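Please look over the structure below before reading the numbered points.

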Amino acid sequence: PEPAHSLTASREAFGLALATPGTSPERRVSKSENRSPSKTGGRARMLDLASREIEMLGWQGFSMEEAQQNCDARAMRSSLRSPAEVLAELQRGNARFWMGNATRPEKSAFEKRGLISKQFPAVAVLGCSDSRVPVEIVFDQGLGDIFVIRVAGNGLATSTFASLQYAVHHLKVKVLVVMGHEACGAVKAAIQFQEPADDSASSEQAQLHDVLRQMQHDLLVGESREPALSRMVDARARDREAVTRNVRQQLMKLKADKAIAGKLQAGELLLAGAFYELSSGIVDFFNESAGPIVVPVGAAGVPKDARIASPKDAATPDPDAAVPTPPTLSAGSMRASSDAGLHR
């Protein structure tokens, strides 16, 4: 067992680090702990060492107050990270997952007690309800690490938007992610949705139809600006384009929120879209932004009779029609439109 003075010193350093933010707590620690300013690297490092030692010695028993102090220290360390650092950790977690090296982080009983009083996730994710896309597992995160909202088709409505606003303004998350996924049934249903002819059938699934109408509307808005789905023959490419387009529409709605846009512009928040590939476990991030957005003119709506055309709807080309000059392609624009800006 560790000597009693080690536990006492850890607790003392821990309390001092929290209580005196303007001082160097490492100077107040017992010399037997062998800490110096040069070795600890500042207050954040000191908090890390002290809280880890308390965790290792947790079997000796701790009060609720001490658990809360440890939780406060971890919250403070988390708050020191930049949005870019938080996103990088999220990407590393996904890499561990799809490479088969997931750590499956579990909180100790000591840490769980601390989480009773507060939560401090650094990331909020709006994802799909699909059982194959469990957000914490996909990013190899544990209790209290991610604030998750899951709904079919990862769409924004009153409750989901309010939940994200809570995460941004009250929990102070650094990164906001909207994540779609391969083979999303909700997106496919939205593309194929047609108003039911039978009123009874409509009333039985009224809420579901409302969601599909809104999602179809969002997809049509994107299609009116950048027709692509109608041109795609490959089913997998068409699926990916539809899902990422739906994600981009939700990102646009979030960026149109003045308070969220203000945090983006101030560098306090990073917003990103994501696409989870069921077949590989890889999450591609795209449309990352930490600044204002210009919402395209005409994005508010589309004609009521509009629909997303399928490849078979394409008209037979006129042989006498002028052939448009293809645009010049640069090395960076050689990828498909659905993959623009994606990286792993």
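The notes that follow cover the sheet, the helices beside it and one annotated site.

1. This is a predicted model, in which local features need pLDDT of at least 70 and side-chain atom pairs count only at pLDDT 80 or more, while totals for chains, interfaces and linings use all residues. Residues are numbered from 1 along each chain as its sequence is written, and side-chain values use heavy atoms, without hydrogens and water.

2. Five strands make an open sheet of mixed pairing, ordered β2-β1-β3-β4-β5. Strands (E, at least two residues) and helices (H or I, at least four) are DSSP runs numbered from the N terminus; two strands pair if DSSP finds at least two bridges between them. The edge strands, each pairing on one side only, are β2 (146-150) and β5 (283-289).

3. Helix α5 (residues 83-98) packs on the sheet and touches β1 (123-127), β2, β3 (175-181), β4 and β5. Contact means heavy atoms within 4.5 Å.

4. UniProt, in an unreviewed entry, places the feature "binding site" at Cys128, Asp130, His181 and Cys184. They span 57 residues in sequence, yet no two of their C-alpha atoms are more than 8.9 Å apart, so they gather at one spot. Such annotations may be inferred rather than shown by experiment.

5. Cys128 is in the loop between β1 and α7 (135-138), and Cys184 is in the loop between β3 and α9 (185-192). Cys128 is buried, at 6% relative accessible area; Cys184 is buried, at 1%. Buried means under 20% relative accessible area (1.4 Å probe, protein chains only). Beyond neighbours within four places in sequence, Cys184 contacts Cys128, Gly153, Asp239 and Val243.

Note on methods
Axes are lines fitted to C-alpha atoms, for helices over the stretch in contact, and angles run from 0 to 180 degrees between N-to-C directions. Buried means under 20% relative accessible area, exposed over 50%, partly exposed in between (1.4 Å probe, protein chains only).
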